[in-house]
Amino acid sequence: MKHFSDPNLGRETVSADSIEIGDAVGVASRTGRIVLRVKTFFFRYRNYLILFFLQGLTIWMLYNWFQIIHRMVDYYMPLPIWDYWRVVEDFPQFKTLHLHFLWRQHNDHRIIFPELVFLLDMLLWHGRQFLPLLVSFLCYLFTWGTIAWAILSDSHLSRAIRATTVLLAGIVIGWQGSVSLLAWPFLLQWTLTEVAAILSFAWLSLAGTKKAATNSYLALAIAAAVVVNYSSGNGLLLWPILIAAGFLLQLRKRQRIALILCSIVSVGAYFVGYQFSNSLNISNFFRHPFYSIGFIGSYLSMPFGAIGAIKSPDFGVCIGLASLAAAIFLFISAARSGLLKDRPAIVLFGFYCFTLLTAIITAAGRMNPADPTFIAAKPPRYVTVPLVNWAVLISLCLWLAGKCRWRVASLITTLGFIFFIATGFSHLNWWVEGSTVDFANAQEAVLSLEDNLAVPRLMLKAFPDIGFLRRMLPVLQNDHLSIYYRPRSRWLGQPAARFSRILSTATPGSITKAFPVPSGMEVSGWAYDGGDTQQYRWIILANERGRIVGFGERFAAGIPDDPIVGKSGDPRLPVWIGFASARFKSDSYRAYLVLPGGLSPLSGSFQVPPFAAAFLDSLGASISGIRWKMDPSRSEDTIPHIMLKDSPPGPVHSTWDGSDGNTEQITSSVFTAPTGGCIILPVLHGPSVEGLAVNVWNVDGKRSIGTVPMRDSDQQWRFWRMQLDAGVTRLRITVDDYGRGWGQWVAIGEPSSCR
């Protein structure tokens with residue numbers, strides 16, 4: 001008998017489903033092993049990873065604060081700018097101890113405490129603005145320090161969370177864009193308000209303890225609130241928040257009564273003799289509720305809300321309202337957890353409420369419902385208030401997450417804020433660069449006044465009222481304050497060799513442009529000292545007799561927005577700008593680089609043009625008998641509709657006649673030079689001077705004796721003074737327009753003698 005056997009007998013049949021299940025189990029097993037290894041690695045090296053993370057945040061924070069200090073030094077200027085001239089106006093009364101001026105309003109604010117700092121700077125540091133800049137920086141630093149103190153005082157938080165919170169707050173507050181406020185001395189008002197406000201909450205939180213010195217802490221809290229009250233108008237809003245916090249902390253009855261009475265006295269005294277402005281419009285705030293909410297959101301979003309603000313203002317609104325929603329959520333969570341009485345809650349929620357009320361009162365006073373971009377909510381000069389508020393919000397998030405042991409939420413929140421801060425600041429470089437131009441413009445104005453030039457265009461950068469500025473400058477001069485304390489101008493007219501020895505080795509560089517301005521010349525050029533182009537700063541301008549006639553400077557803030565260098569100037573180039581005074585008769589200028597070893601000459605020189613800039617009031621009697629030859633079909637006095645000031649009297653002869661493309665030559669008849677041999681030509685031209693020229697001819701000598709200076713974008717009447725040489729008696733003027741491009745036209749007024 002044969003026996004047959006099945007080879008598969010006794011084996012299991014393996015299906016496709018069982019294979020997939022097995023693969024999945026294997027993958028899960030491998031994934032589990034990877035996760036386990038990661039966890040093991042993390043727990044084994046957790047302390048090192050946290051330390052490395054905190055070191056990174058520390059470096060980031062220190063870099064930000066270093067940039068603040070560096071930029072404040074670069075942006076420094078000793079001369080008052082804009083609102084700071086109020087201090088110069090008040091200084092004579094301060095010297096005689098007539099202090100009633102301290103009660104004078106500044107717009108809607110009483111700024112008693114900031115102005116005391118300003119006036120002390122006049123006494124201690126000769127009005128060079130060192131003290132307000134130093135105090136402003138320290139106030140800003142102590143604001144961060146108070147936030148850090150509030151977080152570090154909570155020992156129930158882990159050290160890692162406390163350190164992370166403090167460092168992230170320092171990174172946000174230390175953003176270099178805050179220099180757009182910190183470097184303006186007059187804006188001490190805001191940093192002083194911030195630090196005094198947050199200190200008042202800090203001291204009030206200590207007054208809520210059971211220590212014997214609680215009354216002392218309450219007195220300090222009230223004193224800080226008074227400083228806020230009389231540093232900025234929004235300080236009035238601090239009192240109700242302090243009183244609410246006092247009840248929350250369950251202060252003793254006498255303490256609460258003292259706090260309420262002090263608030264009544266402080267607020268009541270504020271309005272003694274107060275004059276309400278028309279800017280505050282509470283009804284407007286309620287008539288446009290959605291716009292008001294958008295304005296508040298834009299205010300709270302700064303500076304991050306400025307990213308794409310013009311194209312998409314809704315981005316800022318959403319960011320700000322999201323931060324407000326987060327703050328409300330945190331407040332409710334803290335209330336449910338019984339944490340509102342904790343010191344960090346009192347300090348941080350108190351300051352956030354103060355900022356929110358500030359945003360509301362700002363909306364009531366500044367908002368314009370016709371402006372969809374909410375521009376009034378985003379002025380860079382007030383940026384530190386919402387910036388500190390972001391640091392407060394971040395601190396609240398991490399503090400509450402740590403207290404409630406939201407470990408995953410804490411990690412996600414930390415990483416999210418790091419990404420948000422890094423991305424936001426990287427998109428705000430334009431903000432920082434815009435600030436450099438503002439400060440460079442101010443530094444240029446300061447240099448022109450140091451060189452004793454009165455250039456209206458530059459004087460307006462220092463103060464919008466030139467007449468007021470002319471009255472205030474002697475106040476500084478008489479007391480040797482600001483730029484008149486050991487002024488460089490005392491060297492004007494002195495031999496350059498007396499200032500420092502003249503080096504035989506020339507430095508690469510030269511004068512590249514020069515243009516007449518009232519009372520002198522504006523000059524620009526470049527220099528390269530063979531090393532870092534940031535090393536040199538000062539230039540001396542001397543005439544052909546070796547006498548100092550002015551100074552030039554490579555502005556530490558950057559290149560100003562000046563036609564002599566152009567708006568597209570590269571801040572990395574070694575460009576300098578200087579001013580030469582017309583008080584000293586000069587035929588040519590030469591520039592010297594000021595180096596530690598002496599004065600190194602730059603190559604070349606520049607000849608002084610025959611025309612000097614003058615003012616409208618310099619015009620004397622019009623020169624009679626002049627006839628003008630031009631196309632008879634053209635209208636003589638037609639010029640584009642542009643905003644003009646200081647227009648000359650009499651008829652105007654223009655090549656425009658309705659089109660930039662018109663070309664023409666206008667020629668005067670021969671006329672006799674006025675007595676004294678001095679004439680003034682009023683000239684106006686379009687934004688482009690290519691193909692344009694105005695010449696004065698000596699008819700007897702048959703040659704041009706002067707071409708009127710012109711430069712692009714100079715669209716105002718200019719009055720050009722020319723002192724004629726002896727023997728020049730008969731003159732002719734030609735106006736040439738060969739430019740067909742945009743803005744290429746020229747006009748001339750009637751020539752006059754010099755007053």
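1. Contact, as the word is used in this note, means heavy atoms within 4.5 Å. The structure discussed here is a predicted model, and the points below should be read with that in mind.

2. Asn-662 sits in the loop that runs between strand 12 (652–654) and strand 13 (664–668).

3. Phe-499 belongs to helix 20, which covers residues 496–499, and with a relative accessible area of 27% Phe-499 is partly exposed. When residues up to four places away in sequence are not counted, Phe-499 touches Trp-491, Ile-540, Ile-548, Phe-551, Val-594 and Leu-599. The C-alpha atoms of Phe-499 and Gly-598 are 8.7 Å apart in space, although the two residues are 99 residues apart in sequence.

4. Two packed helices are described by the angle between their axes and the distance between the axes. Helix 2 (residues 85–95) packs with helix 3 (residues 112–124) at an angle of about 70°, and their axes are 10 Å apart. That angle makes helix 2 roughly perpendicular to helix 3. On the side of helix 2 the contact is made by Arg-86, Val-87, Val-88, Asp-90, Phe-91 and Phe-94, while helix 3 contributes Glu-115, Phe-118, Leu-119, Met-122 and Leu-123. Sorted by class, the contact of helix 2 with helix 3 holds 8 nonpolar and 3 charged residues, with no polar residues.

5. Turning to the chain as a whole, the secondary structure of the protein chain comes to 20 helices and 21 strands. How does the radius of gyration of the protein chain stand against the globule rule for 755 residues? The radius of gyration is 35 Å, well over the 27 Å that the rule gives, so the protein chain is more spread out than a compact globule. Along its principal axes, the C-alpha trace of the protein chain spans about 140 × 105 × 60 Å.

6. Of the 755 residues of the protein chain, 52% count as buried, and the accessible surface comes to about 35,800 Å², with 61% of that surface belonging to carbon and sulfur atoms. Among contacts between residues at least 6 apart in sequence, 78% join residues at least 24 apart.

Definitions and conventions
Residues are numbered from 1 along each chain as its sequence is written. This is a predicted model: local features need pLDDT of at least 70, side-chain atom pairs count only at pLDDT 80 or more; totals for chains, interfaces and linings use all residues. Side-chain values use heavy atoms; hydrogens and water are left out. Axes are lines fitted to C-alpha atoms, for helices over the stretch in contact, and angles run from 0 to 180 degrees between N-to-C directions. Helices (H or I, at least four residues) and strands (E, at least two) are DSSP runs, numbered from the N terminus. Angles under 35 degrees count as roughly parallel, over 145 as roughly antiparallel, 65 to 115 as roughly perpendicular and the rest as oblique. Ala, Val, Leu, Ile, Met, Phe, Trp, Tyr, Cys and Pro count as nonpolar, Asp, Glu, Lys and Arg as charged, and the others, Gly among them, as polar. The radius of gyration is taken over C-alpha atoms; the globule rule is 2.2 Å times the number of residues to the power 0.38. Buried means under 20% relative accessible area, exposed over 50%, partly exposed in between (1.4 Å probe, protein chains only). Accessible areas come from the Shrake-Rupley method with a 1.4 Å probe; for residues, only the protein chains shown count as cover.
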